[in-house]
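I opened my notebook for a friendly look around the inside of this protein. Here is what I looked up, entry by entry.

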Amino acid sequence: MAPAVTSLTVASNGHETEVASIKRLAASAALSSVPSEYTYTKNPNEQGDANDPEHSIPTIDFALLTSGSPDQRAKVIEELGRACEEWGFFQVTNHGVPERLMKSMINACHRFFDLPEEEKKEFQTKNLLDPIGCGTSANVGIEKVRLWRDFLKVIAHPEFNSLYKPAGYSEVSLEYSKRTREVATEILKGISESLGLEADYIAKAINWDRGLQILAANYYPACPQPDKAIGIPPHTDHGLVTLLIQNEMSGLEVKHKDQWVLVNAAPGAFIVNIGDQIQILTNDKYKSIWHRAVVNNKATRISIAVPHGPSLDTPALPIPELLEREGQAPKFVGMTYEKFMELQASPAALTKPCLDHLRI
């Protein structure tokens, strides 16, 4: 979670215009091209492709993971381990979270972004771990290019926080946060077992009961030149596992075998990825994968990511049992999760990947 910004000054058609959000900028009738501050150059050889079946993220059947026969569960755990090792991303189906609730959460976030700019200002923040924060480009101080998105971030665990507006947001977010945490708990158990460990091993090691959960909504309005802007540039997630949903517009691209793959999930599925803390715990066996959010010129995309991490005071360390089994030395030093998040939001993250700062 990086600092928010109160307002931006961008040049549009030669005039200086104050905008509080990318939503307002994109709605301007005078906007026909991407302002220079937002111009992002992508490698033309690295375009995403969702049509190649060899580049489709794996599918994990949650019902078989939690209530299948022993043989079915063993098979799904093996598939989960393979997905973590080969992709770092997968979609989870039959998870039991009502699609109605998922759509209600997207709609509630949409209503927040539709609030007048003045009403949203009270939620803007400059502090990394404030309970609630919203803004646009995350950190103009260190970013080279401003991002084509607005965001809302709310800490939902270990203490639940929420907005008092728009109406109905608090009730929906409480239920959605609880249900996604339940799914994440079972996925983490499956990941533990895929490594040959007890189901609750990772949860105990990282103090899951006090672990951080953030509800992070992103608003990407239609862009007049989508090939010249970026929603979120390539990055890895700082936590353990992230669960993501989106409206009918796709835009998540995952780097797989040096190619950017556009992710198309099944209706009602969660898109799940493992984060940097899992890569540390597994000593590079399961890798946190680079991904990005691209924009389009057709319609607004809204995504809601719910990253789950250790407790803030817990340092992730390579798991001793795995090191002994593999005959490996640890590849990472320990750093508390709070310090790791601060590192990701700092200028140091621009010089090299965060995990490389911890490599031995």
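**Entry 1: a serine and its surroundings**

Leaving aside its neighbours within four places in sequence, which residues is S177 in contact with? I was working on a predicted model, and I kept that in mind throughout. I found A156, F160, Q213 and L215 in contact with S177, once those sequence neighbours were set aside.

I then placed S177 in its element, helix α6, which covers residues 169–194. Is S177 buried or exposed? I noted a relative accessible area of 6%, and S177 counts as buried because that value is under the 20% cut-off.

**Entry 2: the nonpolar cores**

Next I turned to the largest nonpolar core, which has 65 residues. The members that touch the most others are L152, Y176, I187, I191, F270 and I304. I wrote down a second, separate core too; this one has 12 residues, including V34, Y38, W148 and Y220. As a reminder to myself, nonpolar side chains in soluble globular proteins tend to be buried together.

Leaving aside neighbours within four places in sequence, I listed its contacts, among them M105, I106 and C109. The list for I304 also includes Y176, L215, A216 and A217, along with L243, L244 and I245.

**Entry 3: the second largest pocket**

I noted a volume of about 470 Å³ for the second largest pocket. Its lining is made up of 23 residues, and those closest to the centre are I106, Q246, N247, E248 and G268. Two elements give two or more residues to this lining: α4 (99–113) and β9 (241–246).

Which element gives the most to the lining of the second largest pocket? I found that α4 does, with six residues. By type, I sorted the lining of this pocket into 12 nonpolar, eight polar and three charged residues.

**Entry 4: the cavities**

How many cavities of 30 Å³ or more does a search of the whole structure find? My search gave two. The largest cavity has a volume of about 90 Å³. I counted 12 residues in its lining, with S21, E117, K120, C134 and G135 nearest the centre.

The elements giving two or more residues to the lining of the largest cavity are α4, α5 (117–120), β5 (132–135) and β6 (150–157).

Key:
Residues are numbered from 1 along each chain as its sequence is written. This is a predicted model: local features need pLDDT of at least 70, side-chain atom pairs count only at pLDDT 80 or more; totals for chains, interfaces and linings use all residues. Side-chain values use heavy atoms; hydrogens and water are left out. On a 1 Å grid over the protein atoms alone, a cavity is a set of points where a 1.4 Å probe fits but cannot get out, and a pocket is an open set with protein on both sides within 12 Å along at least five of seven lines; lining residues have an atom within 4 Å of a point. Grid points are joined across faces, edges and corners, and a volume is the space filled by probe spheres set on the points. Helices (H or I, at least four residues) and strands (E, at least two) are DSSP runs, numbered from the N terminus. Ala, Val, Leu, Ile, Met, Phe, Trp, Tyr, Cys and Pro count as nonpolar, Asp, Glu, Lys and Arg as charged, and the others, Gly among them, as polar. Buried means under 20% relative accessible area, exposed over 50%, partly exposed in between (1.4 Å probe, protein chains only). Contact means heavy atoms within 4.5 Å. A nonpolar core is a set of buried Ala, Val, Leu, Ile, Met, Phe, Trp, Tyr and Cys residues joined through side-chain atoms within 4.5 Å.
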